[in-house]
Amino acid sequence: MSEIFEGIYRKYYKRLYNYAYMKLLNHEEAEDVTADIFLAVFKNFKTFDASRASLNTWIYTIAHNMTLNWQNKAHFCYEQTVETIPDIFIDERSDGTIENPSTQRAERILQELTEQERTFLALRYEFDLKNEEIAKLMNTTAGNISQKYHRLLEKCRRIDSKKNF
């Protein structure tokens, strides 16, 4: 079990952290939620049923629920200014070490997106879910998801093209 969990940890740490960060926009909270997610995955791994969902979908569901629970906690009820957002959006190098490719540009775009829009981006780019899988999670059609992604990427391009000095 420990080897399996270690593999899951290595494969999903970056995705789960980035997902939590995209939802919370706070480095420390994203780290805490990521730890909680891995704890839940470890505790509940025996309940994973590959015939009901892929590992990606199962872990995403846990991540979504844990992040939502975190947001609903009383300590999350405060306002945050753009200046308090840390320059941290991690990525993993080919040698397995963590680097920080976050830019003010990416943070500016994330700040202008809604939580739902950031969630959509995380599902596609962090969890590598296909339109059909996302549609099932969101109780809609794959065509609808495709349309939403197209509009969202256009919005990101418009935000990126703004001059913010």
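Are Tyr17 and Tyr21 buried or exposed? Both Tyr17 and Tyr21 are buried, where buried means under 20% relative accessible area, exposed means over 50%, and partly exposed lies in between (1.4 Å probe, protein chains only). This is a predicted model, in which local features need pLDDT of at least 70, side-chain atom pairs count only at pLDDT 80 or more, and totals for chains, interfaces and linings use all residues. Residues are numbered from 1 along each chain as its sequence is written, and side-chain values use heavy atoms, with hydrogens and water left out. Helices (H or I, at least four residues) and strands (E, at least two) are DSSP runs, numbered from the N terminus.

**Aromatic rings**

- A search of the whole structure finds 14 aromatic pairs. Rings of Phe, Tyr and Trp (its six-membered ring) pair if their centres lie within 6.5 Å. Planes under 30 degrees apart count as stacked, over 60 as edge-to-face, and the rest as tilted.
- One of these pairs joins Tyr13 and Tyr17, which are stacked at 6.3 Å centre to centre with 20 degrees between the planes. Both residues belong to helix H1 (residues 2–24) and sit four residues apart, about one turn of the helix.
- Tyr13 is partly exposed at 21% relative accessible area. Tyr17 is buried at 1%.
- Tyr17 also pairs with Tyr21: the ring centres are 6.2 Å apart and the planes meet at 15 degrees, so this pair is stacked. Tyr17 and Tyr21 are again four residues apart in helix H1, about one helical turn.
- Ring pairs join Phe5, Tyr9, Tyr13, Tyr17, Tyr21, Phe38 and Phe42 into a cluster.
- Elsewhere, the charged end of Arg124 sits over the ring of Tyr149, 4.0 Å from its centre. The criterion is NZ of Lys or CZ of Arg within 6 Å of the ring centre and within 35 degrees of the ring normal.

**Nonpolar core**

- In soluble globular proteins, nonpolar side chains tend to be buried together.
- The largest nonpolar core here has 40 residues. A nonpolar core is a set of buried Ala, Val, Leu, Ile, Met, Phe, Trp, Tyr and Cys residues joined through side-chain atoms within 4.5 Å.
- Ile8, Leu16, Ile37, Val41, Ile59, Leu113 and Phe127 touch the most other members of this core.
- H1, H2, helix H3 (55–72), helix H4 (104–112), helix H5 (115–125), H6 and H7 each supply at least two of its residues. H1 gives the largest share of the core, ten residues.
- Leaving aside neighbours within four places in sequence, Ile37 is in contact (heavy atoms within 4.5 Å) with Leu16, Ile62, Ala63, Met66 and Thr67.

**Salt bridges**

- The structure holds seven salt bridges. Each is a side-chain nitrogen of Lys or Arg within 4 Å of a carboxyl oxygen of Asp or Glu.
- Asp128 and Arg15 form one of them, at 2.8 Å from N to O. Asp128 lies in the loop between H5 and H6 and Arg15 in helix H1, so the pair ties together parts 113 residues apart in sequence.
- Asp128 is partly exposed at 42% relative accessibility. Arg15 is buried at 13%.
- Lys23 bridges to Glu115, with the closest N and O atoms 3.0 Å apart. Lys23 lies in helix H1 and Glu115 in helix H5, so this pair ties together parts 92 residues apart in sequence.
- Lys23 is buried at 6% relative accessible area. Glu115 is partly exposed at 30%.
- Arg157 and Glu154 meet in a salt bridge of 2.8 Å, N to O. Both lie in helix H7, three residues apart, about one turn of the helix. Glu154 is partly exposed at 31%.

**Positive phi in loops**

- Leu25 is not a glycine, yet has a positive phi of about 55 degrees. Leu25 is found in the loop between H1 and helix H2 (27–44). Leu25 counts as buried, at 10% relative accessibility.
- Asn139 also has a positive phi, near 60 degrees, in a residue other than glycine. Asn139 lies in the loop between helix H6 (131–138) and helix H7 (142–161). Asn139 counts as exposed, at 75% relative accessibility.
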